[in-house]
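This report is for a reader meeting the structure for the first time. Please look over the sequence and the model below, and then follow the text from the helices to the strands and loops.

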Amino acid sequence: MNSKNIKILDRIFTNPIQANINWTDIENLFIALGADIKEGRGSRVRVCLNDVVAVFHRPHPKKETDKGAVKSVRKFLENAGVK
């Protein structure tokens, strides 16, 4: 993982939850962690990391995630053993 990925990981686990994280940065973090990402229908993205699977929706028309999406990403990463 590079320094940008580490910063994004820190932002995901920061309290209070931040809502202005770019989705592409989160996807790049998933890739750096070794996740398998598959495109779904519409804006859906299926992510598998350490045998934990989650489906997320890419934000649109904006590129930034909302607090609910960041909370879901945080829970997914915790379940996959990432902290």
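## Helices, strands and loops

The buried residues of helix α2 pack against α1, β1, β2, β3 and α3. This description rests on a predicted model, and the residues of α2 that count as buried in it are Trp 23, Asp 25, Ile 26, Glu 27, Leu 29 and Phe 30. After α2 comes Gly 34, a residue whose phi is positive, near 95°.

Asp 25 is found in helix α2, and with a relative accessibility of 12% it counts as buried, because buried means under 20% relative accessible area. When residues up to four places away in sequence are not counted, Asp 25 touches Lys 4 and Ile 8.

### How the helices pack

Two packed helices are described by the angle between their axes and by the distance between the axes. The table sets out these values for two pairs.

| Helix pair | Angle between axes | Distance between axes |
|---|---|---|
| α1 and α2 | roughly 110° | within 9 Å |
| α2 and α3 | about 5° | 12 Å |

For the pair of α1 and α2, the axes cross at roughly 110°, and the two helices are therefore roughly perpendicular to each other. The crossing in which α1 passes α2 is left-handed. On the side of α1, the contact is made by Lys 4, Asn 5, Ile 8, Leu 9 and Ile 12, while α2 contributes Asp 25, Ile 26, Asn 28, Leu 29 and Ala 32.

For the pair of α2 and α3, the packing angle is about 5°, with the axes 12 Å apart. That angle makes α2 roughly parallel to α3. The residues that make this contact are Trp 23, Ile 26, Leu 29 and Phe 30 of α2, together with Val 73, Phe 76 and Leu 77 of α3.

### Helix α3 and its two sides

Helix α3 covers residues 67-79, and its 13 residues should span 18 Å at 1.5 Å a residue, which agrees with the 18 Å that separates its end C-alpha atoms. Which residues of α3 are buried? They are Val 70, Val 73, Arg 74, Phe 76 and Leu 77. Seen down the axis of α3, these buried residues fall within an arc of 165°, so they line one face of the helix. The elements that cover them include α1 (3-12), α2 (23-32), β2 and β3 (52-57). On the other side of α3, by contrast, Lys 71 and Lys 75 are exposed. Just after the helix, Gly 81 takes a positive phi of about 90°.

Lys 67 also lies in helix α3, and, leaving out residues up to four places away in sequence, Lys 67 touches Ile 17, Gln 18 and Ala 19. Between Lys 67 and Asn 2, which are 65 residues apart along the chain, the C-alpha atoms are separated by 24 Å.

### Strand β2 and the loops on either side

The loop between β1 (36-39) and β2 (44-49) is the place of Ser 43, which is buried, with a relative accessible area of 19%. This value leads to the word buried because the cut-off is under 20%. Apart from its neighbours within four places in sequence, Ser 43 is in contact with Phe 56, His 57, Arg 58 and His 60.

Within strand β2 itself lies Arg 46, a partly exposed residue with a relative accessible area of 40%. Its contacts, leaving aside neighbours within four places in sequence, are with Asp 36, Ile 37, Lys 38, Val 53, Ala 54 and Val 55. Arg 46 and Ile 26 are 20 residues apart in sequence, and from C-alpha to C-alpha they are 13 Å apart in space.

Technical notes. Residues numbered from 1 in each chain as written. Predicted model: local features only at pLDDT ≥ 70, side-chain atom pairs only at ≥ 80, totals over all residues. Heavy atoms only, no water. Helix = DSSP H or I, 4+ residues; strand = E, 2+ residues; numbered from the N terminus. Buried < 20%, exposed > 50% of the residue type's maximum accessible area, 1.4 Å probe, protein only. Contact = heavy atoms within 4.5 Å. Expected span 1.5 Å × (residues − 1). Arc of directions from axis to C-beta. Axes fitted to C-alpha atoms, helices over the stretch in contact; angles between N-to-C directions. Parallel < 35°, antiparallel > 145°, perpendicular 65-115°, else oblique. Left-handed = near helix turned anticlockwise from the far one by under 90°.
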